[in-house]
Amino acid sequence: MTSAVEFTLPAVNVEEKLFQNRYRIDAGRPHIKVRNADTCTACELKPCTVCCPAGCWRVDTDGGIELVVDGCLECGTCRLVCDEANVDWNYPRGGFGILFKFG
Ligand code: SF4
Ligand code: SF4
């Protein structure tokens with residue numbers, strides 16, 4: 001007879017982990033953009049605002065979207081969850097964007 005092995009998952013603080021990354025901002029040249037702001041305003045569920053691990057997408061006071069790509073992890077989730085294909089997604093230019101090697 002086998003017995004279940006008990007183990008405890010280590011506690012992970014996401015904020016702490018994200019803080020160990022570094023980010024080089026390409027000022028004035030965001031690598032991700034919304035194609036049509038009105039489409040976002042009309043988007044009922046706005047999945048991008050809950051799926052982005054870096055919290056880059058927020059609902060603004062007018063019911064539209066505020067997107068700040070500083071700190072973007074380049075995971076591509078926002079592009080995949082947008083059923084409207086309203087995310088113009090590119091990698092940052094060379095030398096800009098996320099640096100993971102500090103974590
Ligand atoms: S899921 Fe797409 S259309 Fe909806 S708010 Fe996000 S980017 Fe805009
Ligand atoms: S690529 Fe990932 S981290 Fe960057 S904005 Fe989209 S969901 Fe957020």
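Student: Glu74 lies in the loop between strand E4 (65-67) and helix H4 (77-81). What makes a stretch a helix or a strand here?

Tutor: Both are DSSP runs, numbered from the N terminus: a helix is H or I over at least four residues, a strand is E over at least two. On that count the chain has 4 helices and 6 strands, in the order α-β-β-α-α-β-β-α-β-β. Before we go on: this is a predicted model, where local features need pLDDT of at least 70 and side-chain atom pairs pLDDT 80 or more, while totals for chains, interfaces and linings use all residues. Residues are numbered from 1 along each chain as its sequence is written, chains are lettered from A and ligands numbered from 1 in the order written, and side-chain values use heavy atoms, without hydrogens and water.

Student: What makes the phi of Glu74 worth a remark?

Tutor: Glu74 has a positive phi, near 60°, and is not a glycine. Most residues other than glycine have a negative phi. Lys46 also has a positive phi, about 45°; Lys46 is in the loop between helix H2 (37-42) and helix H3 (48-51).

Student: Why is Lys46 called buried?

Tutor: Buried means under 20% relative accessible area (1.4 Å probe, protein chains only), with over 50% exposed and partly exposed in between. Lys46 has 9%, so it counts as buried. Asn21, in the loop between helix H1 (14-19) and strand E1 (22-24), comes to 16%, so Asn21 is buried too.

Student: Which residues is Asn21 in contact with, beyond its neighbours within four places in sequence?

Tutor: Leu73, Ile98, Leu99 and Phe100; contact means heavy atoms within 4.5 Å.

Student: How do you know that ligand 2 sits in a cavity?

Tutor: A cavity is a set of points on a 1 Å grid over the protein atoms alone, where a 1.4 Å probe fits but cannot get out. A molecule sits there if more than half of its atoms lie within 2 Å of the grid points. Ligand 2 sits in the largest cavity. Of the 13 residues around ligand 2, Cys52, Cys72, Cys75, Gly76 and Cys78 come nearest; a residue is near if one of its heavy atoms lies within 4 Å.

Student: And why is the site of ligand 1 called a pocket?

Tutor: A pocket is an open set, with protein on both sides within 12 Å along at least five of seven lines. The residues around ligand 1 include Cys40, Cys43, Lys46 and Trp57.

Key:
On a 1 Å grid over the protein atoms alone, a cavity is a set of points where a 1.4 Å probe fits but cannot get out, and a pocket is an open set with protein on both sides within 12 Å along at least five of seven lines; lining residues have an atom within 4 Å of a point.
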